[in-house]
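Trainee: Hi! I'm new to this one, could you walk me through it?

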Amino acid sequence: MIRAVIAACTLFLSGSPLAALEFSRSGATLTMSGPIRSGDEFRLFEMMRGVDLTSIRVVRLSSPGGRIAPATEIGRYIRKNRWTTLIPAGARCSSACTLLFSSGVRRHYVGGNFADGQVPRNGFTGLAYHEGNAPLSRDANRYSGAATNAMIGMYYEFGTPRAAELVTKAPPDRFWRISGTTALALGIATSLSPP
């Protein structure tokens, strides 16, 4: 009974299911999928303990985003290890996931054959940006200037400053999805082919 109450309170406060970023490894590829939650960075660090980090070359991404702080630390870990990031065709990388993508020393965006523009929060694939949000914001759409600034700062840190231009193209309750061509032109992606 107590566990059910705690789970219900956590769900209510976070506004989303308790799912966290999932990690799996196959050869030289590390896959990260699902929402990014607080503590995911520590789970990743623990999983990688004792692993020869030079044996990993590619981080495959599929995430609707989530919390900025853990995404920042995971992104710094990706950059420190000089891994390549990949958004495969049919996958989604939005919100805080864009930090993970930007952190790759090489960034492959495959299957972005669509027009740039606003898309709803669900039911799309590709690379998509929006203004930062916070569950406790008083704005109807949960806008957070601090979260937006944190995202922009990380794009600069990871060497993809033109991504900052995209953050304000959509409010927190929608996304601005970009094509592969745009990602390449802005220096966000380094390739439109698989690694």
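Mentor: Here we can go through confidence, the fold, and then a few single residues.

Trainee: What kind of model is this, and how are the residues numbered?
Mentor: This is a predicted model, where local features need pLDDT of at least 70, side-chain atom pairs count only at pLDDT 80 or more, and totals for chains, interfaces and linings use all residues. Residues are numbered from 1 along each chain as its sequence is written, and side-chain values use heavy atoms, with hydrogens and water left out.

Trainee: What's the average pLDDT of the protein?
Mentor: The average is 87, and 84% of the residues score at least 70. pLDDT is the predictor's confidence in each residue, from 0 to 100.

Trainee: Where does pLDDT stay under 50?
Mentor: One stretch is residues 1-17, with 9 contacts beyond four places in sequence in the model. Another is residues 136-143, with 16 such contacts. A contact means heavy atoms within 4.5 Å. Where pLDDT is low, the predicted coordinates should not be read in detail.

Trainee: Okay, the fold. How many helices and strands does the protein have?
Mentor: There are 7 helices and 9 strands. Both are DSSP runs numbered from the N terminus: helices are H or I with at least four residues, strands are E with at least two.

Trainee: Which strands form the open sheet?
Mentor: The order is S5-S8-S9-S7, with mixed pairing. S5 (92-94) and S7 (117-119) are the edge strands, each pairing on one side only. Neighbouring strands in this sheet are turned by 35 degrees against each other on average, direction ignored. Those angles use axes that are lines fitted to C-alpha atoms, for helices over the stretch in contact, and angles run from 0 to 180 degrees between N-to-C directions.

Trainee: And how many bridges join S5 to S8?
Mentor: S5 and S8 (residues 126-129) run parallel and are joined by 3 bridges. Ser94 has Ala128 in S8 as its bridge partner. Two strands pair if DSSP finds at least two bridges between them.

Trainee: What about S1 and S2?
Mentor: S1 (residues 22-26) and S2 (residues 29-33) run antiparallel, with 5 bridges joining them. Phe23 stands opposite Met32 in S2. The two strands form a hairpin with 2 residues between them, and Gly27 in the turn has a positive phi of about 60 degrees.

Trainee: Which residues other than glycine have a positive phi?
Mentor: Arg82 has a phi near 60 degrees, and Ser95 has one of about 55 degrees. Most residues other than glycine have a negative phi.

Trainee: Are those two buried or exposed?
Mentor: Arg82, in the loop between H3 and strand S4 (84-87), is exposed because its relative accessible area is 56%. Ser95, in the loop between S5 and helix H4 (97-102), counts as buried because its relative accessibility is 11%. Buried means under 20% relative accessible area, exposed over 50%, and partly exposed in between (1.4 Å probe, protein chains only).

Trainee: Switching topic: which cysteines form a disulfide?
Mentor: The structure holds 1 disulfide, formed by Cys93 and Cys97 with their sulfur atoms 2.2 Å apart. A disulfide here is a pair of cysteine sulfur atoms within 2.5 Å. The link is left-handed, with -105 degrees about the S-S bond. Cys93 counts as buried because its relative accessibility is 0%, and Cys97 is buried with a relative accessible area of 0%.

Trainee: What does Thr72 touch?
Mentor: Thr72 is in helix H3 (residues 68-80). Not counting residues up to four places away in sequence, Thr72 touches Leu99, Met154 and Phe158. Thr72 is buried, as its relative accessible area is 8%.

Trainee: And where does Ser179 lie?
Mentor: Ser179 sits in the loop between strand S9 (175-178) and helix H7 (180-185), and counts as buried at 7% relative accessibility. Its C-alpha atom is separated by 5.9 Å from that of Ala115, 64 residues apart along the chain. Leaving aside neighbours within four places in sequence, Ser179 is in contact with Tyr109, Gly112, Phe114 and Asp116.

Trainee: Last one: what share of the whole protein is buried?
Mentor: Of the 195 residues, 47% count as buried. Among contacts between residues at least 6 apart in sequence, 70% join residues at least 24 apart.
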